[in-house]
Amino acid sequence: MAERLSLSLTLSPSTPAPTTMAALSSTASSRILPSATAASRARLSFSSSLKCLRSSPLVSNLFLNQKRSPMVRVSERGLSSTASPKCAAAADPDQLKSAREDIKKLLDSSFCHPILVRLGWHDAGTYNKNIQEWPQRGGANGSLRFEIELKHAANAGLVNALKLLQPIKEKYSGVTYADLFQLASATAVEEAGGPKIPMKYGRVDVTGPEQCPEEGRLPDAGPPSPADHLRNVFYRMGLNDKEIVALSGAHTLGRSRPERSGWGKPETKYTKEGPGAPGGQSWTVKWLKFDNSYFKDIKERRDEDLLVLPTDAVIFEDPSFKVFAEKYAEDQEAFFKDYAEAHAKLSDLGAKFEPPEGIVINDGPSEPAPEKFVAAKYSSGKD
């Protein structure tokens, strides 16, 4: 499920479907192989990913045929180019704005909204509030660019998202990977019709694969006790029941592909013609539109062509989750407000900011972010 974005669903193709989950995962490795074998495996992984990208003419035209772009390669040191600049420690507001415009163009041409949301979530979703030290605590620190973390089962397919963003990273050396991942994620939600996310920037990158978190911090899709599992994972990050349900609503975007995750149908009437590479099973009919239809469809369960995972169904089964799920099914404006706040909170988890208060970018002059943000009033309302 290359387009899958939710943290609450991490599907693993290496595990039987009843016990898997992860947003589009691949087999994982907890250690980098420090030998020539590792390098050859990295080249093999890169070759396989190119084959995957070539299956989509949109992505192929976007990435593979950009002759002027630097050659991109995956190695033990992460995704890089032949002339990769060092990551800046502090954000460059003008470059962030320009990068955002380039991301919008990328979204318009490749329909990659779901996988970019997922990339940002998975970089941030390793956070552990019980660990104080940075970067050991995990979170939004750019560690997902390294091969060792890309190999985690929950992160299958995310190398494709990095390759789509790498030309933008090369163009704007004043934007860190940590900021780029979160900028792409928030922009994807907004460009799909979702709420404006009250983001701040200035995240510092980790510098090497030895700083990546261990595997196992992201959620599963089909655990024996879905409600307990979701709470164990998201409470560890400092999130609550309302935020769990609000973030689940982002599954209004994307598809699950059984050949990658073990979940969903090979294709449905909603996915067989794309856009992008055809196939997979979506949670909603209009799976590139961000709205509250996920909650409506999960509640009604009238369409066998729409996906419902155990971690989806539980939001209408658990008494505490159900309060918020029912509310969001009826009130899109309330969903947008709570989602925007939860997304912004998730994107800040574990991050180290320079300057410490972060930087806000908007259509006017850039300015430091307040120490405590308050969600804006959103113009998007009910359909």
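Is Arg217 buried or exposed? Select Arg217 to begin: the residue is buried, with a relative accessible area of 7%. Keep in mind during the tour that this is a predicted model.

Glu214 and Arg217 form a salt bridge, and their closest N and O atoms are 3.0 Å apart. Glu214 counts as partly exposed, at 48% relative accessibility, while Arg217 is buried. This pair is one of 17 salt bridges in the structure.

Now select Arg203 and Asp179. These two residues also form a salt bridge, with 2.8 Å between the closest N and O atoms.

Move on to Arg301 and Glu317, whose side chains meet in a salt bridge at 3.6 Å, N to O. The pair links distant parts of the chain, 16 residues apart: Arg301 is in the loop between helix H11 (293-300) and helix H12 (310-313), and Glu317 is in the loop between H12 and helix H13 (319-330). Arg301 counts as partly exposed, at 48% relative accessibility. Glu317 is exposed, with a relative accessible area of 54%.

For the last stop, select Lys265, Lys269, Asp303 and Asp305 together. Salt bridges that share partners join Lys265, Lys269, Asp303 and Asp305 into one network.

Key. Residues numbered from 1 in each chain as written. Predicted model: local features only at pLDDT ≥ 70, side-chain atom pairs only at ≥ 80, totals over all residues. Heavy atoms only, no water. Salt bridge = Lys/Arg side-chain N within 4 Å of Asp/Glu carboxyl O. Buried < 20%, exposed > 50% of the residue type's maximum accessible area, 1.4 Å probe, protein only. Helix = DSSP H or I, 4+ residues; strand = E, 2+ residues; numbered from the N terminus.
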